[in-house]
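Subject: Handover of a structure and its findings

Dear colleague,

Please find below the structure that I am handing over to you. My findings follow directly after it.

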Amino acid sequence: MRLSHRLIGSLVLGVGLVSLIFAWNDIRGRERQLRADMAGRATAEVRSLDQTLVAAGEAGRRERLPATVEKFRARSQAVGVILYDAALQPAATTPALPEAVLARAHALALNIPIDGPTADIVHDGDRDLFVDAEPVTDLPGLTVISIVHDATSIRRQTADAWRQQAVRLLIQLGVVVAVAMVLVRWSFIRPIARTTAWLRELRTYGSGAVAPLGVGEIFKPLASEVTHLVRSLESARAAAQEEARLREAGDSVWTAERLRAHVRERIGTSPVFVVSNREPYMHVRHGGTPKVVVPASGLVTALEPVLRACAGTWVAHGSGDADRDVVDTHSRLRVPPEQPEYMLRRVWLSKEEEEGYYDGFANEGLWPLCHIAHTRPIFRTSDYSCYREANQKFADAVLDEARDTTRPLVLVQDYHFALLPRLIKSARPDARVAIFWHIPWPNPEAFGICPWQSELLDGLLGADLVGFHTQAHCNNFLDTVERGLESQTDWEHFTARRHNRLTHVRPFPISVAARHAGTRAATTSDEARETVFRQIGGSCEWIGVGVDRVDYTKGLIERFRGLERFFEKWSHYLRRFTFVQIGAPSRTGIGRYRELLHDVQNEAARINARFGTAAWKPIVLVTRHHGYDEIEPFYRAADVCAVTSLHDGMNLVAKEYVMAREEGDGVLVLSQFTGAARELNDALIVNPYDTEQLADAFRRAIEMPVTERRARMERMRRAVSEHNVYRWAASLIGGLADLRVDAPPAPARPRLATTRRPTVDDGPLAESDFVA
Ligand code: G6P
């Protein structure tokens with residue numbers, strides 16, 4: 001049966017039933033009322049007869065009673081009258097009363113209640129006769145008077161009432177059916193038809209080509225779920241096709257599915273635990289409600305697809321002001337918010353802890369220490385103390401999350417957690433722990449200025465595997481360990497042995513997730529250009545782009561000087577080339593970063609004032625956070641992308657730009673001081689300190705013949721596709737899973753033994769530094 005029939009049928013049944021019950025109740029009431037009226041009339045007539053008999057004094061003269069009652073009957077509306085004597089035998093009866101009436105009247109007289117009348121209806125042919133019996137006390141020799149009326153009108157009126165109700169019911173049902181049909185058609189059948197047509201288009205043309213279901217549509221919420229589902233199916237299909245293509249081509253490209261299978265094969269269903277300071281999703285208060293923000297971070301860009309592929313738990317600092325509003329009682333929530341695939345466990349830090357650990361030791365100490373960018377590291381004992389405490393907090397959170405997992409696999413991320421590997425490993429010797437250092441590792445002399453170098457090195461050597469982006473960083477690290485810590489280093493196998501535990505040191509060049517066929521960007525590069533022109537409020541022949549956190553390692557001032565020189569040397573590019581710099585303000589709790597933001601803005605303003613016109617600016621600087629969806633049109637529109645870091649572990653912007661260039665064109669200008677420069681040989685490699693060279697590179701990028709541009713881009717795209725983040729994760733996780741880890745029984749959870757500020761004389765942490 002069709003849905004509309006079922007709906008209307010149910011409505012008709014429901015409305016009909018309710019109306020019937022009410023009608024029945026109503027008619028019964030009316031019938032009762034008519035009988036009561038008739039009973040009232042009978043009582044009045046009995047009283048009247050009673051008074052007549054009393055007044056006439058006839059009661060004693062029994063032989064005259066029949067004539068008296070007959071006279072009375074003829075005057076009244078009664079059909080008959082019966083008087084009963086003290087023995088309840090008829091004393092007088094009007095003629096022509098049917099037998100059934102006489103019998104019923106006698107029965108009523110015999111059972112009459114002491115204090116009132118009683119009545120009943122007797123059917124006589126097609127007549128209904130109402131028989132009423134009433135006790136009398138003031139007539140000598142008589143006890144009951146029974147009066148009979150014709151009650152056929154009650155039946156007639158009741159039947160009329162049923163007829164009226166039936167007509168009303170039919171009209172009601174007709175209206176209900178009509179309204180229901182209109183409602184069903186407008187509210188269900190049409191929206192279902194529209195949604196079905198939309199689904200058909202979605203299935204035929206894919207999620208990228210079909211406009212979303214109209215606003216206000218009843219199935220809108222369903223549509224967004226279906227769109228997610230379709231996108232997942234599309235990417236699964238694309239991945240499967242890619243896999244098939246790769247198998248066919250004997251290719252070695254890694255996909256999310258391949259990584260998932262690889263991880264499952266290596267570690268079974270055991271979850272992966274990732275620890276980083278920066279969280280992948282931050283909740284910030286926006287007009288009273290929490291809004292999700294994906295922070296600007298190369299680490300997040302790289303790890304997010306890995307966690308999506310492998311599930312597991314990501315432990316990170318809950319730094320958003322609305323982060324606490326959306327977690328459960330264990331500070332957990334499932335992410336990504338729109339399609340949860342893994343668990344995020346947030347760790348809470350006080351403002352003081354955050355200032356000391358994150359702003360202070362990590363970003364004013366280790367960050368400038370590891371980057372050769374001419375900003376002096378600042379080492380405060382109080383900051384280091386916070387760093388130790390924060391490492392302990394994160395270790396506690398990881399141990400808590402992993403308590404039910406045997407041989408957990410823990411991937412610690414970055415310079416915020418140099419002490420974490422030792423803390424975890426001491427509590428869970430069965431754990432496999434890797435730390436990946438996302439920033440450069442300087443030479444031993446440079447690192448040696450850190451007052452707590454030994455303790456940091458010892459913490460790092462708690463890991464089974466220490467990873468860097470490049471072999472040069474591995475060399476520097478092993479060299480630093482060899483010179484700074486009591487240990488045995490093995491340069492042949494790249495290991496360090498300390499306290500009879502072995503740590504492997506390996507390069508794992510990080511990357512981005514290559515976009516698959518089937519998940520192509522929704523826009524062409526021409527459409528992207530239009531978007532960019534709209535946003536910058538003007539147009540030009542060539543667009544350049546830079547996407548960076550505003551950080552002194554990124555060489556932003558140097559980039560702007562290179563651009564200035566470019567316009568100076570080749571003034572015919574004025575008003576024809578615009579460089580858009582997206583600069584996400586970063587670490588603004590630190591004075592040096594605030595100053596830099598100011599300097600970068602001033603420098604752009606100075607150059608714009610020098611060359612700009614009312615309608616054109618050489619540099620469009622946008623200093624706000626952009627999500628990847630906002631950045632992508634800039635990548636797709638830009639003829640040239642500039643990455644001019646003074647020192648950078650890898651730099652994923654370079655790789656993101658390459659992967660966004662699906663149409664195969666575009667030139668990358670890349671600093672020789674980035675890890676990426678080792679892989680992307682087809683970029684125009686520059687020394688960002690060399691302003692002249694930088695200016696020349698911009699010119700060369702713009703003037704490069706299209707065949708050369710395409711050939712270079714194609715090689716770079718192939719390199720990034722083959723060395724994407726899934727391969728990175730597969731080799732890191734695979735490398736860690738393959739290591740032989742001797743696992744003695746776990747001791748009680750360790751804590752750093754001292755709260756005393758450590759000094760340079762403390763030396764490295766020994767087992768005795770941990771207490772149960
Ligand atoms: C670098 C670090 C990351 C960090 C990112 C953003 O890429 O290696 O660990 O997340 O910068 O910095 P932030 O301080 O904002 O996390």
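The model is a predicted one.

- For Y358, the distance between a side-chain N or O atom and an oxygen atom of the ligand is 2.5 Å.
- For R278, the corresponding distance from a side-chain N or O atom to a ligand oxygen atom is 2.9 Å.
- For S297, a side-chain N or O atom and an oxygen atom of the ligand are 3.0 Å apart.

On its own, the ligand has 370 Å² of accessible area, and the protein covers 91% of this.

I turn next to the protein as a whole. Its secondary structure comprises 21 helices and 25 strands. The globule rule gives 28 Å for 772 residues, whereas the radius of gyration of the protein is 47 Å, well over that value, so the protein is more spread out than a compact globule. Taken along the principal axes, the box filled by the C-alpha atoms is roughly 150 × 70 × 55 Å.

Of the 772 residues, 52% count as buried. The protein exposes about 34900 Å², and carbon and sulfur atoms supply 54% of that area. As to contacts between residues at least 6 apart in sequence, 70% join residues that are at least 24 apart.

Finally, I draw your attention to one glycine, G320. Where in the chain is G320 placed? G320 lies in the loop that runs between strand 9 (313-317) and strand 10 (332-335). Is G320 buried or exposed? The relative accessible area of G320 is 10%, and residues under 20% count as buried, so G320 is buried.

Leaving aside residues up to four places away in sequence, G320 touches E279, M282, H283 and V284. A further distance concerns V292, which is 28 residues from G320 along the chain. The C-alpha atoms of G320 and V292 are separated by 9.2 Å.

With kind regards

Terms used:
Residues numbered from 1 in each chain as written. Predicted model: local features only at pLDDT ≥ 70, side-chain atom pairs only at ≥ 80, totals over all residues. Heavy atoms only, no water. Polar contact = N/O pair within 3.5 Å; in protein donor to acceptor, adjacent residues only side chain to side chain. Areas by Shrake-Rupley, 256 points an atom, 1.4 Å probe, with all protein chains shown as cover. Helix = DSSP H or I, 4+ residues; strand = E, 2+ residues; numbered from the N terminus. Rg over C-alpha atoms; globule rule 2.2 N^0.38 Å. Buried < 20%, exposed > 50% of the residue type's maximum accessible area, 1.4 Å probe, protein only. Contact = heavy atoms within 4.5 Å.
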